[in-house]
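Let's take a guided walk through this model, one region at a time. Please keep the structure open as you read.

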Amino acid sequence: MRSEPLLEATGIHKSFAGVRALRGVSFELRSGEVHALIGENGAGKSTLIKVITGAVTPDAGTLRVEGAEVEHNNPALARSLGIAAIYQQPALFPHLTVAENIALALETGSRWRRVDWRTRNSRAKELIARAGSTIAPDRLVSTLSMPEQQIVEIARAIGADAKIVIMDEPTASLTETEVASLFQVIAGLKKAGVGIIYISHRLEEIASIADRITVLRDGESIGTCEARNVSREQLIAMMVGREVAAVFPKREVTLGPVALELRGLSSREAGIRDVSLSVRAGEILGIAGLVGSGRTQLAETVFGLTPAEHGEIVIGGQPAQIESPAAAIGQGIGYVPEDRRRNGVVLDMAIAANVTLADLRQVSSGGLIDRGEESELAGRYVTQLRVKTPGVDIEAGALSGGNQQKVALARWLAINPKVLILDEPTQGVDVGSKSEIHGIMMDLAEKGLAIVMISSELPEVLGMSDRIIVMHAGRVAGELSREEATQEKILTLALGHAA
Amino acid sequence: MRRRYGRELSVAVSIALLALFLAFTVPGYFSAENLSDMFLANMPVLLIALGMNMVILTGQIDISVGSLFAICGILAGAFAKMGMPVLVAGLGAVVAGALMGAINGALVAWMRIPSIVVTLATMVALRDGLRWATQGAWVSGLPDGFQWLGLAQDSYPYLMAAAAILFTAGISWGLMNLRAGRAVYATGSNAEAARLAGIDANGVTFSVFVITGILTGIAAVLNSVRFNQIPANAGLGMEMKVIAAVVVGGTAITGGSGSTAGTVLGVILLGAIAPALTFLGVSAYWERALQGAIILAAIVIEVLRQRGEKRVALARVTVE
């Protein structure tokens, strides 16, 4: 006795300007299940979502909701059919309150009606409670954290009586505890019979939340399987179309002298207290911790963005004064920040100019830039990092995410750094580029670079690090060697308990 | 900054078409006298536009240049009447321009006040401060050596031409080839990324306002020596002309992309149109309306062109 599927897409085709994004994809969602949709970047996940939400009209194929064919789908129709999407970057109005944001999507009636604020606020409060939170309805959305904004989005979907909820990378900016509370909300939605399409790059997470998994590759559905019957390796193999031998290309490296040492570093402004650590040449030091534990702030302090008030930064055995990024660069420290679009690459500038931006001195004399030398230098790194581009004079904005991340990395390799700080180096990067970036990190370590890697992805921290520092509330909560580190130990420290 | 001259070319073609049209309809337009007049009248616009181009490249705007222009002109005259040699008086006015630019720049760069707000305030404050100080009276009775900088009237345009070429070429070359120039583009394109790359983005922002102040000072001095008295209401609407020239020349109003050559062509196009109207017997009242229309057209063309270009760039990468 199988009930009618909640949503059924069959033989969906879609091409954009000759590029075939979807070639006959089929997908089915039952009521009360979490159905994960995975695949590398460009596999067609977002296009499929856009077809379902009506943002894009397919060239061929049919879409059925509860057995009824949906013709001429559009965003308004999809919404009236009970389809709601929650994107990675919440689409809320920052200058309006939580209650207003929720009301905008839900309240109907004349544009000129009088607003009943009391009802509006109590309704918002109730929906937020059902989404598992206690955010005050009168708070401005701009004062909410990313996870809180997601809660508001979920509350909105609940309020709209959505039967089909699409979550696109909902955990990308969440800490482990926030993920846990999100999963509780998802469990509640399932119980209410909602079908959830769940998109994520984090396979561990999918294993724990999904009932079924559909893998897309190059616009085709490769297969759908029961989540409990499939291993991580099998999934990766399905996604990339080849068996991946070792997920992390970790190799033994002979360690050199201490390259960077922090002694009792504190900064009130950055919120870090008494941090001491060291990293040796050739070593990869992983920094784990919840979001807000001061990992990024520590990196920013070392890099001179929020100079330390107390403590010492010792580079290659010499105490260093680092009060600006320029000073840090002068000391041979490179920093690839989180969120490369905002802080990393300069999108309107050519790849060559991006690569040389942090150390123009190298390709200039007396303030004068030698363009030939610049292109040559950039060309070398483009080749070394295998950036997919027709040339170094292309604007960085025209590249894909993985390739932009490589350009950001190239900028810091170009300064010949001694220490490289990588903040979430593979966030939002597809599986193929991810292992390529891990490979590059290993190559660099072998060349004697000291690498500090901040990451929220525990398997990455465990897989790539020689040693792991766990931070909690701006302090070092503990240090684990590669051998003794486990996900449980890291989490225990990150939550502020002694190991 | 990939070299693309598409925009510069389309402005140049517009100028050529306008010239061709005028050559047939109003030959008098190309008399040496008229050309020289037009050049001298637009020289201040050009100098200020060179600075404004840099301000806009960093993603800011300066609408106080008209008021700065008036104050610097009056100061040059006042200093000269105090008995200073003409060059010293001029230099004093330029320093005053730099100081006023520095006030703008400091408020924008370090106090983080939006530049449109800061310069709107200084525009009004400086303009009305000047009105109060001078009571609207023009500076006249200037010393003999002041007019034409003490040069003969016919050699003065040559000096101006030399100065125009020198400033334009120097700034253009610097923006393209100096590290400081690259810092201007990087700051305007993505200030946070520039800061993380070790560039002192606040310093860059401050500097472009100071440079604009200096260029405005020079423009005011060079303009005030053309007449035997200096008006207290000079430079009204100057900011409009200058910003228009920069935008028509293809500099993105959001910062990060544009060229000096484009700005020069923008000044020429807008500067050539106004007198052309007079020659064609069209009322001068149409000038501002036409200027506005040209700016709108330029922005619309720019947006359309950028869209097309992005598509081409993406297609190229995908093909690889």
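Which residues does A272(B) touch, not counting residues up to four places away in sequence?

## Around A272 of chain B

The residues in question are I15(B), L18(B) and M38(B). Please bear in mind that this is a predicted model. A272(B) itself is found in helix α11 of chain B, which covers residues 260-279.

## Two crossing helices in chain B

Staying in chain B, have a look at helix α3 (residues 65-81) and helix α10 (residues 238-248), whose axes come within 7 Å and cross at roughly 125 degrees. Because of that angle, α3(B) and α10(B) are oblique to each other. On the α3(B) side the contact is made by V65(B), G66(B) and F69(B), while α10(B) brings M238(B), E239(B) and V242(B). Sorted by class, this contact has four nonpolar residues, one polar and one charged.

## The six-stranded sheet of chain A

Now over to chain A, where six strands form an open sheet with mixed pairing, in the order β6-β7-β8-β3-β9-β10. Its edges are β6 (83-86) and β10 (220-226), each of which pairs on one side only. On average, and ignoring direction, neighbouring strands of the sheet are turned by 20 degrees against each other. Helix α5(A), residues 146-159, packs on this sheet and touches β6(A) and β7(A) (164-168), with its direction at about 180 degrees to that of β6(A).

Within the sheet, β3(A) (residues 34-38) and β8(A) (residues 195-199) pair in the parallel sense over four bridges. Here V34(A) stands opposite I196(A) of β8(A). By contrast, β9(A) and β10(A) run antiparallel, joined by six bridges. One of the pairings links R217(A) with its bridge partner E220(A) in β10(A). Two residues lie between the strands in the hairpin of β9(A) and β10(A), where D218(A) takes a positive phi near 50 degrees. Helix α8(A) (residues 232-240) lies across β3(A), β9(A) (212-217) and β10(A), and runs at about 30 degrees to β9(A).

Where the two touch, 12 residues come from domain 1 of chain A and 13 residues from domain 2 of chain A.

On the domain 1 side, α6(A) (176-191) and α8(A) each supply at least two residues. The largest share, three residues, comes from α8(A). By class, the domain 1 side divides into four nonpolar, four polar and four charged residues.

## Where the chains meet

Note on methods
Residues numbered from 1 in each chain as written. Chains lettered and ligands numbered in written order. Predicted model: local features only at pLDDT ≥ 70, side-chain atom pairs only at ≥ 80, totals over all residues. Pairing = 2+ DSSP bridges. Axes fitted to C-alpha atoms, helices over the stretch in contact; angles between N-to-C directions. Contact = placed C-beta atoms within 7 Å. Parallel < 35°, antiparallel > 145°, perpendicular 65-115°, else oblique. Nonpolar A, V, L, I, M, F, W, Y, C, P; charged D, E, K, R; others polar.
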